[in-house]
Amino acid sequence: MNPTRYQVHGDVAVITMDNPPVNGLGLDLRRGVSEGIEAAQADGQVHAVIIIGTANCFSGGADIKEFGTAKVSAAPTLRTLVSELEGSSKPIIAAIGALAMGGGLELALGCHYRVAAAGARIAFPEVKLGLLPGAGGTQRLPRLIGLERALNMIVSGRTVSSEQLADTRLFDRMIAGELLEGAIGFAREVARVRPPPRVRDLKVRYPDAEGFLGIAMSAAATAAKGFPAPPACVTAVAASLGDFDAGLAKERELFEKLVRSPESGALRHAFFAERAAGKIPDVGADTQTREIRQAAVIGAGTMGSAIAMTFANAGIPVTLVDTNEAGLNKGLAAVRRNYDGSIKKGRLSEAGLAQRLQLITGTLSLRDVAAADIIIEAAFEDMDVKRKVFQELDASAKPGAILATNTSTLNVDTIAGFTRRPADVLGTHFFSPANVMRLLEIVRGKATSKEVLATGLKLAKTLNKIGVVSGVCDGFIGNRMLHPYLRQAELLLQEGCLPRQVDGALERFGFAMGPCRMNDLAGNDVSGLIRKRHYAEQPNAPRSKVADRLVELGRFGQKTGKGYYRYEPGSREASTDPDVERVIVEISQAAGITRRPIGDEEIVQRCVFALINEGAKILEEGIALRASDIDVVYLTGYGFPLIHGGPMFYADTIGLHTVLRLMRRFAANPLSDPGSWTPAPLLARLAADGKGLTS
Ligand code: NAD
């Protein structure tokens with residue numbers, strides 16, 4: 001199907017791009033534009049050509065569905081199309097309404113003139129996918145808006161409004177009235193200009209360009225944190241100071257290198273993974289959803305108060321319930337303190353504060369949930385407490401209300417069984433701090449109805465979260481995988497490492513925080529309670545002696561000023577504590593372990609491969625629907641390094657064969673919990689077939 005229309009208005013031809021949702025420059029659209037240009041060239045009556053998009057969008061750029069397919073390089077490519085436009089003997093005018101991004105902007109820069117509607121915006125977001133504009137954008141933009149501004153836009157990927165560019169040559173005219181009508185008027189004024197002006201013929205001038213570029217390069221390299229794209233953007237833009245064709249060749253060379261880089265691969269994987277998350281095979285667009293106009297949260301503790309804020313931030317009124325008056329007051333005070341902090345940082349206005357506070361009502365009575373469309377339970381992590389709460393909710397909630405639990409580890413099916421409406425029950429596992437963290441694991445119980453699940457996914461979007469569906473198991477996707485990861489960290493301590501080393505290795509690998517610091521932040525007492533339950537359920541399971549000992553010593557982490565590290569009052573800075581080192585060495589001695597030096601590589605591989613193996617099991621059991629969902633969970637909920645694309649993508653990058661080979665080596669070490677290195681059958685199968693987890 002041709003997503004373009006070609007019409008002639010007297011002496012002006014108009015090519016309209018109409019490829020919803022964002023006029024992605026797929027092959028059909030590129031062909032349509034190219035054919036339109038040819039038709040205009042051939043028509044003696046036509047003296048100028050306009051390319052225009054829809055009211056919402058000129059073009060959002062490359063059609064991302066074509067990434068990695070043969071269509072990207074099928075003729076005409078975006079590069080050839082842009083030079084075709086630029087070479088036209090009849091003037092071509094881009095009429096930009098709303099948004100021109102990426103390849104869409106490059107298309108406009110290849111035109112001889114650009115006119116725009118008020119409020120139009122442009123951006124080169126390629127850097128966010130580890131790339132740079134590869135169809136002349138890095139060479140043409142500086143010629144129109146200057147070296148410095150172009151460089152800032154291309155390196156940051158930021159969107160800029162036409163008003164901010166009013167003093168540049170980018171737009172030849174701003175159109176006040178109807179865009180097409182204004183564009184046709186403009187086209188008639190320039191129709192006889194021959195040859196029409198080309199951006200490539202302009203020169204980029206900058207006093208002391210060398211000095212400026214030196215500073216820009218070191219700033220980009222620092223901000224890039226190991227990603228090659230930002231410095232490459234600087235190099236490409238720098239080339240615009242010289243000959244145009246040489247600059248284009250440089251841009252192309254850099255683009256080709258970036259496209260093949262593992263870093264860009266990881267970013268693109270993460271981008272697609274986020275879009276795929278929340279798509280459920282048996283829940284389609286035709287599945288009904290329920291309206292969520294009013295919410296209630298049970299338990300005004302750490303999680304409950306932050307979840308209430310999340311609703312208020314999205315404009316949904318929420319009732320915060322706690323049966324303990326002190327608990328309720330503490331929760332409401334935490335909300336207030338948090339918002340005050342946002343005001344101080346300039347992120348929230350006084351009016352915004354008033355509006356949000358008005359949306360949150362505190363109460364001590366569970367009966368006050370009767371009007372709520374969704375009720376999220378965030379009371380103590382104890383099955384008896386959950387039983388009591390859900391029985392009461394079953395009695396008080398209106399028919400059709402969704403009953404959700406924020407449990408981290410308890411069985412959602414058991415909880416659903418406390419009600420007479422298990423189809424209305426699901427898990428909504430928020431991450432702490434719930435008003436900040438973007439991840440929301442949505443736990444689908446055996447009985448959860450499709451409608452309730454679809455509503456949960458829609459709610460995630462409304463709350464500005466990324467919803468990932470998980471089946472029911474201990475810890476769901478994220479915490480279940482965390483368990484073997486933390487287990488290896490513990491064993492590494494027993495075998496010869498100190499907390500600083502384990503954390504350092506994983507932080508150098510790119511984790512936001514190593515496991516010991518993370519435990520100190522989350523509270524060692526919290527993980528201690530979970531271990532206690534595990535020991536009761538599996539009496540023969542090996543013990544986490546270091547972690548257990550720290551809990552016995554009251555070293556709960558940041559909240560007690562002592563954990564794996566020492567913390568000065570009010571500080572989050574972790575200082576090494578010789579007491580902890582002594583505890584660790586004693587535990588090794590008591591177990592008859594001769595401590596040995598362990599390198600970064602082994603630390604990272606043991607911890608990360610433990611994640612990979614458990615992830616493969618989760619995938620095989622159907623707890624996660626796709627490998628990329630697991631990556632989304634780890635990237636958005638656990639600080640896994642984006643540069644590696646998530647544990648599953650990382651496994652594929654190294655190759656599953658290599659992963660298995662190293663796992664066999666670890667299994668030969670009796671101190672590494674050999675049983676945990678039995679490969680997930682899926683991993684073994686995929687490796688044997690030469691396949692990957694994410695493909
Ligand atoms: P918390 O101890 O900070 O708060 C629990 C609150 O629930 C308290 O204010 C308590 O008074 C109240 N409460 C207890 N029983 C109640 C009842 N019957 N009716 C009404 N209120 C009641 O706990 P938290 O850390 O906020 O955790 C809450 C839930 O969220 C738990 O299931 C926990 O596993 C889960 N969770 C916690 C985290 C986290 O990082 N803290 C993360 C994800 C999930």
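**Cis prolines, ring pairs and a ligand site**

Pro76 sits in the loop that joins β3 (48-52) to α2 (78-86); helices (H or I, at least four residues) and strands (E, at least two) are DSSP runs, numbered from the N terminus. The model is predicted, with local features requiring pLDDT of at least 70 and side-chain atom pairs pLDDT 80 or more, while totals for chains, interfaces and linings use all residues. Residues are numbered from 1 along each chain as its sequence is written, and side-chain values use heavy atoms, leaving out hydrogens and water.

Most residues other than glycine have a negative phi, and most peptide bonds are trans. The bond from Ala75 to Pro76 is cis, its omega near -10°. A cis bond also runs from Ser432 to Pro433, with omega near -5°, and Pro433 belongs to the loop between β15 and β16 (439-443). Asn23 has a positive phi, near 55°, although it is not glycine. This residue is placed in the loop between β2 (12-17) and α1 (27-42), and its relative accessibility of 2% makes Asn23 buried (under 20% relative accessible area; exposed is over 50% and partly exposed in between, with a 1.4 Å probe and protein chains only). Phe476, also a residue other than glycine, has a positive phi near 55°. Phe476 lies in helix α17 (residues 476-495) and is buried, at 0% relative accessible area.

The aromatic side chains come next. Rings of Phe, Tyr and Trp (its six-membered ring) pair if their centres lie within 6.5 Å, and planes under 30 degrees apart count as stacked, over 60 as edge-to-face and the rest as tilted. The count by this rule is 12 aromatic pairs. In one of them, the ring centres of Tyr113 and Phe186 are 5.4 Å apart and the planes stand at 75°, so this pair is edge-to-face. It links distant parts of the chain, since Tyr113 in strand β6 (residues 113-117) and Phe186 in helix α6 (residues 179-190) are 73 residues apart. Tyr113 and Phe186 are both buried. Tyr206 and Phe212 make a tilted pair, with 4.8 Å from centre to centre and 35° between the planes. Here Tyr206 is partly exposed, at 25% relative accessible area, whereas Phe212, at 15%, is buried. Elsewhere, ring pairs join Tyr485, Phe509, Phe511, Phe640 and Tyr650 into a cluster.

An N or O atom in the side chain of Asp322 lies 2.6 Å from a ligand oxygen atom. From the backbone, an N or O atom of Thr302 is 3.0 Å from an oxygen atom of the ligand, and a polar atom of Ala379 is 3.4 Å from a ligand oxygen. The protein covers 80% of the 830 Å² of accessible area that the ligand has on its own, as given by the Shrake-Rupley method with a 1.4 Å probe.

Note on methods:
A polar contact is a pair of N or O atoms within 3.5 Å; within protein, one must be able to donate a hydrogen and the other to accept it, and residues adjacent in sequence count only if both atoms are side-chain atoms.
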